[in-house]
Amino acid sequence: VVIKRVLALPRKLPVRFWVDVGALEPVDLVLAARRLHEALVKKGWREGDDLHFVEQEDGAHDEISWASRVPGMLKFLWVRPVKPRP
């Protein structure tokens with residue numbers, strides 16, 4: 001449902017997305033996270049700018065794995081990079 005909604009957007013929205021999944025999670029979740037990432041890119045979000053995708057190699061579907069990704073997520077979503085002045 002989320003992927004269909006992303007693809008149905010008339011244009012890219014001014015929001016940032018963090019999409020993550022553990023490689024040891026159920027295959028359907030891993031594939032869904034990959035498809036969501038692809039849909040966002042197709043709509044114009046750019047990796048490293050307003051989109052970040054993580055597929056954690058040893059990540060499982062558990063609180064320990066999720067917690068290990070939270071610092072990166074918070075930094076990406078809340079800390080704005082400093083742009084050099086002209």
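This report walks through the side-chain contacts of the structure above.

## Ground rules

The model is predicted, so read it with its cut-offs in mind: local features need pLDDT of at least 70, side-chain atom pairs count only at pLDDT 80 or more, and totals for chains, interfaces and linings use all residues. Residues are numbered from 1 along each chain as its sequence is written, and side-chain values use heavy atoms, with hydrogens and water left out.

## Arg-16, a buried charge

Let's start with Arg-16, which sits in the loop between helix H1 (2-8) and strand S1 (17-22). Helices (H or I, at least four residues) and strands (E, at least two) are DSSP runs, numbered from the N terminus. Arg-16 is buried but has no salt bridge. Buried means under 20% relative accessible area, exposed means over 50%, and partly exposed is in between (1.4 Å probe, protein chains only). A salt bridge needs a side-chain nitrogen of Lys or Arg within 4 Å of a carboxyl oxygen of Asp or Glu. For Arg-16, the nearest side chain of opposite charge is Asp-49, 5.9 Å away. On charges, Lys and Arg count as positive and Asp and Glu as negative, while His and the chain ends are not counted.

## Aromatic pairs

A pair of aromatic rings is described by the distance of the centres and the angle of the planes. Here, rings of Phe, Tyr and Trp (its six-membered ring) pair if their centres lie within 6.5 Å; planes under 30 degrees apart count as stacked, over 60 as edge-to-face and the rest as tilted. By this rule there are two aromatic pairs. Phe-17 and Trp-45 are edge-to-face, at 5.2 Å centre to centre with 80° between the planes. Phe-17 belongs to strand S1 and Trp-45 to the loop between helix H2 (27-43) and strand S2 (51-56), so this pair ties together parts that are 28 residues apart in sequence. Phe-17 is partly exposed at 29% relative accessibility, whereas Trp-45 is buried at 2%.

The rings of Trp-18 and Phe-76 also pair up, with centres 6.1 Å apart and planes at 50°, so they count as tilted. Trp-18 is in strand S1 and Phe-76 in helix H3 (residues 63-78), so the two tie together parts that are 58 residues apart in sequence. Both Trp-18 and Phe-76 are buried.

## Salt bridges

Side chains of opposite charge can pair when their charged atoms come close. The whole structure holds five salt bridges. Lys-12 pairs with Asp-50, the closest N and O atoms being 2.5 Å apart. That one links distant parts of the chain: Lys-12 is in the loop between H1 and S1, Asp-50 in the loop between H2 and S2, 38 residues apart. Lys-12 is partly exposed at 31% relative accessibility, but Asp-50 is buried at 8%.

Arg-34 bridges to Glu-55, with the closest N and O atoms 2.8 Å apart. Arg-34 lies in helix H2 and Glu-55 in strand S2, so they tie together parts that are 21 residues apart in sequence. Arg-46 bridges to Asp-49, where the closest N and O atoms are 2.2 Å apart. Asp-20, Glu-25 and Arg-69 are linked in a network of salt bridges. Arg-69 also has a 2.4 Å polar contact with the side chain of Gln-56, a strand S2 residue. A polar contact is a pair of N or O atoms within 3.5 Å; within protein, one must be able to donate a hydrogen and the other to accept it, and residues adjacent in sequence count only if both atoms are side-chain atoms.

The largest one has 10 residues, including Val-6, Val-19, Leu-36 and Trp-45. S1 and H2 each supply at least two residues, and H2 gives the most, with five.

Terms used:
Core = buried A, V, L, I, M, F, W, Y, C linked by side-chain atoms within 4.5 Å.
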